[in-house]
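Biologist: Can you walk me through how the two chains sit together?

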2 protein chains.
Amino acid sequence: MAKDKKLVEAITSRDEDFAQWYTDVVREAKLCDYSGVKGCINYLPNGYAIWEKIQENLDRRFKETGVENVYLPLLIPESLLQKEKDHIEGFAPEVAWVTHGGQEKLTERMCIRPTSEVMFCDIWSRTVQSYRDLPKVWNQWCSVMRWEKSTRPFLRGREFLWQEGHTIHATPEEAEARTLTMLNVYRDFYEEELAIPLVVGRKTDSEKFAGARDTYTIEALMHDGQALQSATSHFFGEKFADAFDIKFTDKNNELSSVYETSWGLATRTIGAIIMVHGDDDGLILPPRIAPVQTRVIPVAQHKDGVLDKANELLNGLKEAGFRAKIDDSDKSPGWKFSEQEMLGIPTRIEMGPKDIEKGQVVIVRRDTREKISVPIDAVTDKFAEILEDIQKNLFDKAKKFLDDHTDTAVTLDEMNEKIQAKRGFIKAMWCGEASCEDMVKDQTGGVTSRCISEVQEQLSDVCVCCGEKAKYMVYWGKSY
Amino acid sequence: MAKDKKLVEAITSRDEDFAQWYTDVVREAKLCDYSGVKGCINYLPNGYAIWEKIQENLDRRFKETGVENVYLPLLIPESLLQKEKDHIEGFAPEVAWVTHGGQEKLTERMCIRPTSEVMFCDIWSRTVQSYRDLPKVWNQWCSVMRWEKSTRPFLRGREFLWQEGHTIHATPEEAEARTLTMLNVYRDFYEEELAIPLVVGRKTDSEKFAGARDTYTIEALMHDGQALQSATSHFFGEKFADAFDIKFTDKNNELSSVYETSWGLATRTIGAIIMVHGDDDGLILPPRIAPVQTRVIPVAQHKDGVLDKANELLNGLKEAGFRAKIDDSDKSPGWKFSEQEMLGIPTRIEMGPKDIEKGQVVIVRRDTREKISVPIDAVTDKFAEILEDIQKNLFDKAKKFLDDHTDTAVTLDEMNEKIQAKRGFIKAMWCGEASCEDMVKDQTGGVTSRCISEVQEQLSDVCVCCGEKAKYMVYWGKSY
């Protein structure tokens, strides 16, 4: 059955114009659309359903490590935001200010949360007294607002959805361990559920979060060779605790500071899924995160018994725990096939009169287009296998792409040449000076340090930029 | 084992000072606390966990009726809010205004959503074209802001959490049916999950939602005899559609208006649970909605084998699908018992050396304080039974209270006398005129019409107030 040309042509080729391809996929898969408010998107059912799956899975992983959910106010009084110097410097230029409530001008203006470190510190400064009150391991699912100038659906927006975890601990060791625990939760989630391989490490001082002592990051590589910072986990030491005077009485009855962490993952994750797995026919969703794992598509559905059999199949799949839907609309099968592909549903199951005669169905994989004939009474077992295989294949393909687009350089010229020839990650040594990061950025048209790799290799003894003694191997790249 | 006096005394008696009792329960059960932002609360883990259970259950019920979740922007441009006249009149006095983004003054100010009818209309006016695009049955879980003057935790706040469903349909019949479907979802949820009996009906014109043609409501009776409007479902007719010019081409190729509904339930539901079921020892959570259904409390836990046995029991309960925790802290058993009661956990399971010897545990019900000895190997079956029985008992008790506090009146004097003597609902006839509602309110110290009952009785032929011909039987009462 031929695909519907009109539908397929709605999407620009990925290698022709990646930015346009992205916009087309988002639109045609009905993930979101622009709202009447500049820089803010409407999350449509197909897009929001992905976020719900992300929430469900990540929230379970959080709770397994002892996280409790809370919800703190949307508005932050200006005086509170100003308590930690580095933090306010980082965020003040990009917050939205509420100045009036009803008909009255407020005595103090308040901003819509861009992130909530100060709100968590505020409550803890009033309620934490003894070591018995520690640790606090809290998280909230909410929206935040940052007044960005240029925005792109899911990747950068004035309002976006995320989770922000905030914790306080009695010792720096425990806080650092929590920072790394959450980094690993994000890593496992990305690799196991989203089939997205990563580069993992610590941010340099110029790239870390406003107010953090250390920022850890997971970085994924998009199909255009640009990196996407996908989730971060911060260790603050006692900086915020000191600014907010959060003290507790320890077991020896002495007053002591707490140590704080925070960590977050946002709806830009949906952008990562699109740009890592999508192809010229549209979205491809990894089966574990796909809100719908298959569409049953009856062929010649007006013929006697076809629709009944298709619904029987659908119910069997649902009962076996799969997320399945049926497309019994009056559109042509060709149109239905194209739409299922464009929406990124990982499989479709075709079932026509001939299939029914033979006691079989045809499962078509979205990733490879392979058509697999399966006896009807073996569908659920075989289907589970196919989904797992798609999940694995998507990861393997993305891993191969990541490896193929990761190179090394020992001089700035070499870095420049390689990144112009093939965009991706460049591993190179660094002396630890911000001035060298600035120079790399200047001379390469915007390449930045993505992270100090958690796995260190001694590629050279000197910095890729200044030639002084190298301290770290860093992943470099252009980024979103 | 004696309860801990100090803990119990932290809560004011319910009949002595109901408002103080409420504040005490909220504080001692650690459901929320006041934030540094006036009128906004911090939802603490114990309180937010109840909201998560509410969301989980209600969301499943929504989806069974075909609801899809979305997320629309937090900010509403002023011009958009002004498009529907009645709506803006209702909400303009109580919204928070954003006037600055970053360092810049906005060309048009925007308010933080007090409710999102206009945002849904805005997207539909741009995207709905044909009957094929209908119906839209959307919902969002979010926070909203209304600049209230006086606030109380969960019941009335400047920011609160809720869900708001919005739908459009091709015919008024279909839209009205959706309004009633959602009313019934709320009713079933309240009665089945929260064990809260209701009075159900339609709001009078003076009490309905700003811009609605009909507002349906579920009203619950709190222990102090005041009503709590617990969820509402609105039918808008074509009012919003006309204001926003949402038109579609029908099957006959003619341009037609859509018909809209909206419906919402908020975190005030947590307030309802507290005020319907709580007692002088604190919160009582119905088992189906309780985040934790039992606490295993080992007695003499330092003795050999007690802690192991208690953990074995805990794991058995968890594996059987119950939400169970253990309290193995170094506090005294008496303290632990009091705390479990105050937190509203529906049961505790006591297990000491003597119980282990006898091969039994003691399950203690929060609602009746009954102690039930159960053989260890029969715990999971018996426990399920006990939870169901608690659920039923809570509903029956609340239903009896509702019936005992519902009376009838045929004159205003009678209404006044009865409501002064025993606060609750008064059923009385009404002519349909707003002036009579005003007079009732004036002459009774604030009694308002709660709803035109869905079940009508002919209590009298004339209006309770003016003596003119009666049209409806109305539930009247004081309300939160």
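What follows is a chat about the interface and the symmetry.

Modeller: Bear in mind that this is a predicted model, where local features need pLDDT of at least 70, side-chain atom pairs count only at pLDDT 80 or more, and totals for chains, interfaces and linings use all residues. Residues are numbered from 1 along each chain as its sequence is written, chains are lettered from A and ligands numbered from 1 in the order in which they are written, and side-chain values use heavy atoms, with hydrogens and water left out.

Biologist: OK, how many residues are in contact between chain B and chain A?

Modeller: 53 residues of chain B are in contact with 53 of chain A, contact being heavy atoms within 4.5 Å.

Biologist: What about salt bridges across the interface?

Modeller: The rule finds four between chain B and chain A, counting a side-chain nitrogen of Lys or Arg within 4 Å of a carboxyl oxygen of Asp or Glu. Glu52(B) and Lys63(A) form a salt bridge through their side chains, at 3.1 Å, N to O.

Biologist: Which part of chain B gives the largest share of the side that touches chain A?

Modeller: Strand S5 of chain B, residues 96-101, with six residues; strands here are DSSP runs (E, at least two residues), numbered from the N terminus.

Biologist: And what does S5 of chain A do?

Modeller: Five bridges join S5 of chain A to S5(B), and the two run antiparallel; strands pair if DSSP finds at least two bridges between them. Val98(A) is opposite Val98(B).

Biologist: Switching topic, what rotation superposes chain B on chain A?

Modeller: One of 180 degrees, with 0.0 Å of shift along its axis and an RMSD of 0.0 Å, fitted by least squares on C-alpha atoms of residues with pLDDT of at least 70 in both copies. That is the relation of a two-fold axis.

Terms used: Helix = DSSP H or I, 4+ residues; strand = E, 2+ residues; numbered from the N terminus.
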